[in-house]
Amino acid sequence: MATNYPALATPSRVTADFSLVPIGSQTASFSQQIAEIQRLLTWSGLKYQMTATGTTIEGPWDQVSQVIGYAHTLVHQAGIARIQTDIRMMTRTDKVQPMEGNIASVERILSAA
């Protein structure tokens, strides 16, 4: 079935929050793998922020998606056979707002109260 979509392209920038969850691991500790993922993110040159339950990463859509895929590869190479990943992605077309801008906006409201 042929479709005639107008010219489509992925958004130029994305902020993604992702969390890799190993399934079937013999241990509850995942710190070593998280450290490797943080090294990968530093190597990528993309802006990122680790949180207690995941990582937020910002950059071009294709690069962000690729780095999340690389993170999967690192965890598989550590011997984890199965991984489930939760990803939330945000894009904007009305303005450029880095991930810090979202936090600063809420903090301004809180400080005015």
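**Close-up views of the predicted model**

**View 1. Thr-15 stands opposite Glu-58 of strand β3.** The model shown here is predicted. The pair belongs to β1 and β3, which run antiparallel and are joined over 6 bridges. Glu-58 also has a partner in another strand: Lys-47 is bridged to Glu-58.

**View 2. Strands β2 and β3 form a hairpin.** There are 4 residues between the two strands. They pair in the antiparallel sense, with 4 bridges. How many residues of β3 are buried? The count is 5 of 6, so β3 is largely enclosed by the rest of the structure.

**View 3. Helix α1 covers residues 31-44.** The helix has 14 residues. At 1.5 Å a residue, the span should be 20 Å. The end C-alpha atoms are 20 Å apart, so the model agrees with that value. After α1 comes Gly-45, with a positive phi near 80°.

**View 4. Helix α1 has a buried side.** Which residues of α1 are buried? They are Gln-33, Ile-37, Gln-38, Leu-40 and Leu-41. These residues lie on the same side of α1, because they cover an arc of only 155° around the axis. Their cover includes strands β1 (13-23), β2 (47-50) and β3 (55-60). Helix α2 (61-77) is also part of that cover.

**View 5. The other face of α1 carries exposed residues.** Ser-31, Gln-32, Thr-42 and Trp-43 are exposed there. This face is turned away from the buried side of the helix.

Terms used. Residues numbered from 1 in each chain as written. Predicted model: local features only at pLDDT ≥ 70, side-chain atom pairs only at ≥ 80, totals over all residues. Heavy atoms only, no water. Expected span 1.5 Å × (residues − 1). Buried < 20%, exposed > 50% of the residue type's maximum accessible area, 1.4 Å probe, protein only. Arc of directions from axis to C-beta. Contact = heavy atoms within 4.5 Å. Pairing = 2+ DSSP bridges.
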